[in-house]
Amino acid sequence: MKEIAVRTTSHTQFVNIDARVEDAIAAMGIRDGLCHVFVPHTTAGITINENADPDVVADMIQALERAVPWQAHYAHAEGNAAAHVKASMMGFSQTVPIRGGKLAFGTWQSLYFCEFDGPRTRKVWVQCVPA
Ligand code: ZN
């Protein structure tokens, strides 16, 4: 397993981690197989979405904010309940095929680390199995 450190710079931020994950795949020497990417946090998640138009990521962040506002009379005393909810909405892992040592995405897809209570230094765990 390889661990990637992701340093987020905003409270809420989507970070494209394709290149970092592909570096981990290369370090493991896997050309074809499956890549499992896991986020070991409760206020950050991971998703796949469009990389061509940055407005898509901005719209996703705004839609999540509208659906789960930061202030909403939550019980969680730490004060970051919205971050926990949004992290679970995105989920904590993705599995992507590996082809020729690269993530085998559709044309517009990328892997995004989703920060919901930053800025922080976060971990992403990458494990791959050969096909
Ligand atoms: Zn909390």
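This is a predicted model: local features need pLDDT of at least 70, side-chain atom pairs count only at pLDDT 80 or more; totals for chains, interfaces and linings use all residues.
Three strands form an open sheet in the order β2-β7-β4, and the pairing is antiparallel. β2 and β4 are the edge strands. Each has a single partner strand, so one side of each has no neighbour in the sheet. Neighbouring strands here are turned by 35° against each other on average, with direction ignored. Strands of a sheet pair through backbone hydrogen bonds, either parallel or antiparallel. Between β4 and β7, which run antiparallel, there are 7 bridges.

Is T47 buried or exposed? Its relative accessibility is 12%, so T47 counts as buried, the cut-off being under 20%. Which residues does T47 contact, once neighbours within four places in sequence are set aside? They are F14, M60, M90, Q94, S110, L111, Y112 and C114. One of these, M90, is also among the buried residues of helix α3.

α3 spans residues 81-90. It lies across β2, β4 and β7, and runs at about 45° to β4. An α-helix has 3.6 residues a turn, so residues three or four places apart point the same way. The buried residues of α3 are A81, A82, A83, K86, A87 and M90. They pack against β2 (13-16), β4 (44-50) and β7 (109-115). They also pack against α2 (54-67) and β5 (93-99). Just after α3 comes G91, with a positive phi of about 95°.

Now the zinc site. Which atoms coordinate the zinc ion? The donors are NE2 of H76, OE of E78, OD1 of N80 and NE2 of H84, at 1.9 to 2.2 Å. Along the chain, these donors follow the spacing H-x1-E-x1-N-x3-H. Why is the arrangement irregular? The 4 donor atoms subtend angles of 91 to 149° around the zinc ion, and this makes the arrangement irregular. A tetrahedral label would need all angles between 85 and 135 degrees. N80 has 3% relative accessibility, so it counts as buried. H84 has a relative accessible area of 23% and is partly exposed.

The loop between α2 and α3 holds H73. Phi of H73 is near 55°, a positive value in a residue other than glycine. H73 has a relative accessible area of 84%, so it is exposed.

The peptide bond from G118 to P119 is cis, with omega near -5°.

Next come the rings. A pair of aromatic rings is described by the distance of the centres and the angle of the planes. The structure holds 3 aromatic pairs. F14 and F116 make an edge-to-face pair, with 6.2 Å from centre to centre and 80° between the planes. F14 belongs to strand β2 and F116 to the loop between β7 and β8, so this pair ties together parts that are 102 residues apart in sequence. Both F14 and F116 are buried. The rings of F38 and W125 have planes at 25° and centres 6.0 Å apart, so they are stacked. F38 is in strand β3 (residues 33-38) and W125 is in strand β8, so the pair links parts that are 87 residues apart in sequence. F38 counts as partly exposed, at 32% relative accessibility. W125 counts as partly exposed too, at 28%. F14, Y112 and F116 form one aromatic cluster.

Finish at I17, in the loop between β2 and α1 (18-28). At 2% relative accessibility, I17 counts as buried. What does I17 touch, not counting residues up to four places away in sequence? Its contacts are V6, V37, I46, L111, F113 and V124. L111 is also among the contacts of T47. The C-alpha atoms of I17 and K123 are separated by 12 Å, and these residues are 106 residues apart along the chain.

Conventions:
Residues are numbered from 1 along each chain as its sequence is written. Side-chain values use heavy atoms; hydrogens and water are left out. Buried means under 20% relative accessible area, exposed over 50%, partly exposed in between (1.4 Å probe, protein chains only). Helices (H or I, at least four residues) and strands (E, at least two) are DSSP runs, numbered from the N terminus. Contact means heavy atoms within 4.5 Å. Donors are N, O and S atoms within 2.8 Å of the metal (3.2 Å for Na, K and Ca); water is not among the atoms, so sites may look incomplete. Four donors count as tetrahedral if all angles lie between 85 and 135 degrees; four count as square planar and six as octahedral if opposite donors are over 155 degrees apart and all others between 65 and 115; anything else is irregular. Two strands pair if DSSP finds at least two bridges between them. Axes are lines fitted to C-alpha atoms, for helices over the stretch in contact, and angles run from 0 to 180 degrees between N-to-C directions. Rings of Phe, Tyr and Trp (its six-membered ring) pair if their centres lie within 6.5 Å; planes under 30 degrees apart count as stacked, over 60 as edge-to-face and the rest as tilted.
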